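Biologist: I'm new to this one. Could you walk me through it, one question at a time?

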Amino acid sequence: MNLEILEELDKDTKITQIFNKYTCAYCGESATDRDHIIPRSISNFNPKSASTNKSNTIPSCKQCNVSLGNRFIITISERAEFLIKLYNKKFKNLLSMPHHTKEDISELEGSLKKMVRSQMNKKQIILDRLSNLELIVLLEPTIKDIWEVIDRKGEYE
């Protein structure tokens, strides 16, 4: 894993903030699933053990896991690149919205104000997810790297 990237980006970012069992290893949202790097549909894993097998799974949110589906993309960074392209296309309209400051929004009224505030919040969530995905591409982690950080969390803090 390319940990030098973290040193260049942000002195306050810790590897345990990026990889832990509670956040998606791709986008950083809450992890509710595990993504099978080699999909169960094309692997020889026992379906019962595949869901918890650390040699083939990483923590993932539902959206990233479903978006990746049974695609045979082997590396985590390539999977993150796929998600970046997919989310940029899927959220094209939201991402192309002009930015509105809090001051701009405060001048609006009623349902327009609620709608603009809601859209800006959604846009920020997508931008945060894309930023995390871009970091994963740069870090180039392996499944083993991710689980090592998760299992040895205290040693990294």
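Predicted model: local features only at pLDDT ≥ 70, side-chain atom pairs only at ≥ 80, totals over all residues.

Biologist: Let's start with the overall make-up. How many helices and strands does the chain have?

Modeller: Reading along the sequence, you go through α-α-β-α-β-α-α-α-α-α-α-α. Counting by type, that chain has 10 helices and 2 strands.

Biologist: And what share of the residues in the chain count as buried?

Modeller: To count as buried, a residue needs under 20% relative accessible area. The chain has 157 residues, and the share of them that counts as buried is 39%.

Biologist: Now for a helix pair. Are helix 5 and helix 8 roughly parallel or antiparallel?

Modeller: Helix 5 covers residues 76-90 and helix 8 covers residues 110-139, and their axes are 8 Å apart at an angle of about 150°. An angle over 145 degrees counts as roughly antiparallel. The relation between helix 5 and helix 8 is therefore roughly antiparallel.

Biologist: Is the crossing of helix 5 and helix 8 left-handed or right-handed?

Modeller: On the helix 5 side, the residues that meet helix 8 include Ile76, Leu83 and Tyr87, while those from helix 8 include Arg129, Leu133 and Val137. By class, this contact has 9 nonpolar, 2 polar and 3 charged residues. As for its handedness, the crossing of helix 5 and helix 8 is left-handed.

Biologist: Serine 77 is in helix 5. Which residues does serine 77 touch, leaving out those up to four places away in sequence?

Modeller: Serine 77 counts as buried, because its relative accessibility is 14%. Its C-alpha is 9.1 Å from that of leucine 135, though serine 77 and leucine 135 are 58 residues apart in sequence. With residues up to four places away not counted, serine 77 touches Ile136, Val137 and Glu140.

Biologist: Glutamate 140 came up there. Where is glutamate 140 placed?

Modeller: Glutamate 140 is not a glycine, yet it has a positive phi of about 50°. As for its place, glutamate 140 sits in the loop between helix 8 and helix 9 (143-151).

Biologist: On to serine 60. Is serine 60 buried or exposed?

Modeller: Serine 60 belongs to strand 2 (residues 57-60). Beyond its neighbours within four places in sequence, serine 60 is in contact with several residues, among them Cys24, Tyr26, Asp33 and Asn65. The relative accessible area of serine 60 is 0%, so serine 60 is buried.

Biologist: Last one: is proline 98 buried or exposed?

Modeller: You'll find proline 98 in the loop between helix 6 (92-95) and helix 7 (102-106). Setting aside neighbours within four places in sequence, proline 98 is in contact with Met120 and Lys123, and the C-alpha atoms of proline 98 and methionine 120 are separated by 9.0 Å. Exposed means over 50% relative accessible area. At 53% relative accessibility, proline 98 therefore counts as exposed.

How values were computed: Residues numbered from 1 in each chain as written. Heavy atoms only, no water. Axes fitted to C-alpha atoms, helices over the stretch in contact; angles between N-to-C directions. Helix = DSSP H or I, 4+ residues; strand = E, 2+ residues; numbered from the N terminus. Parallel < 35°, antiparallel > 145°, perpendicular 65-115°, else oblique. Left-handed = near helix turned anticlockwise from the far one by under 90°. Contact = heavy atoms within 4.5 Å. Nonpolar A, V, L, I, M, F, W, Y, C, P; charged D, E, K, R; others polar. Buried < 20%, exposed > 50% of the residue type's maximum accessible area, 1.4 Å probe, protein only.
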